[in-house]
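Have the sequence and the 3D view ready.

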Amino acid sequence: TMDMMVLKLFCQKLSMVVTNVNGRDKPIRFAGSDVTDFYLWVASTGGIGVGVALMSYMGKLSIGLSADRNLITDMPKLRECFVQEWDTISRELGAKKASSR
């Protein structure tokens, strides 16, 4: 189909995907309870080796990382680099430090 052809074309030219989602400032309710956190990631396909997803919700920013183990062999190090950079940006802007989960 046409959509699969386009997807294949893009995947041949991409090595990384970064996406951001502007979330809500007010809580979302699900099954009668407030949603307090999100876990997110970029679903990868083809040759896409690294995915970074950012989402804000209730004044917090969540970052989800995914990577091909053959390309990024030390995922905890990549995560720590993101946390360090976020802390640097936060310090410069006077915002909260990152919490690494």
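How many bridges join strand β1 to β4, and do the two run parallel or antiparallel? Six bridges join β1 (residues 16–21) to β4, and the two strands run parallel. Strands here are DSSP runs of E with at least two residues, helices are runs of H or I with at least four residues, and both are numbered from the N terminus. Two strands count as paired if DSSP finds at least two bridges between them. For a landmark in this pairing, look for Thr19, which stands opposite Ala53 in β4.

Before going further, a word on what you are looking at: this is a predicted model, in which local features need pLDDT of at least 70 and side-chain atom pairs count only at pLDDT 80 or more, while totals for chains, interfaces and linings use all residues. Residues are numbered from 1 along each chain as its sequence is written, and side-chain values use heavy atoms, with hydrogens and water left out.

Stay with β4, because there is another partner to meet: eight bridges join β4 to strand β5 (residues 60–67), and this pair runs antiparallel. Here Met55 has Ser62 in β5 as its bridge partner. The hairpin of β4 and β5 has two residues between the strands, and Met58 takes a positive phi near 55° in this hairpin. Strand β4 (residues 50–57) is also mostly covered, with six of its eight residues buried. Buried means under 20% relative accessible area, exposed means over 50%, and partly exposed lies in between (1.4 Å probe, protein chains only).

Now turn to strand β2 (residues 29–30), where Phe30 is found. Phe30 is exposed, with a relative accessible area of 64%.

Finally, step back to the whole chain. The protein chain has two helices and five strands, in the order α-β-β-β-β-β-α along the sequence. Its radius of gyration is 16 Å, well over the 13 Å that the globule rule gives for 101 residues, so the chain is more spread out than a compact globule. That radius is taken over C-alpha atoms, and the rule is 2.2 Å times the number of residues to the power 0.38. Of the 101 residues, 18% count as buried.
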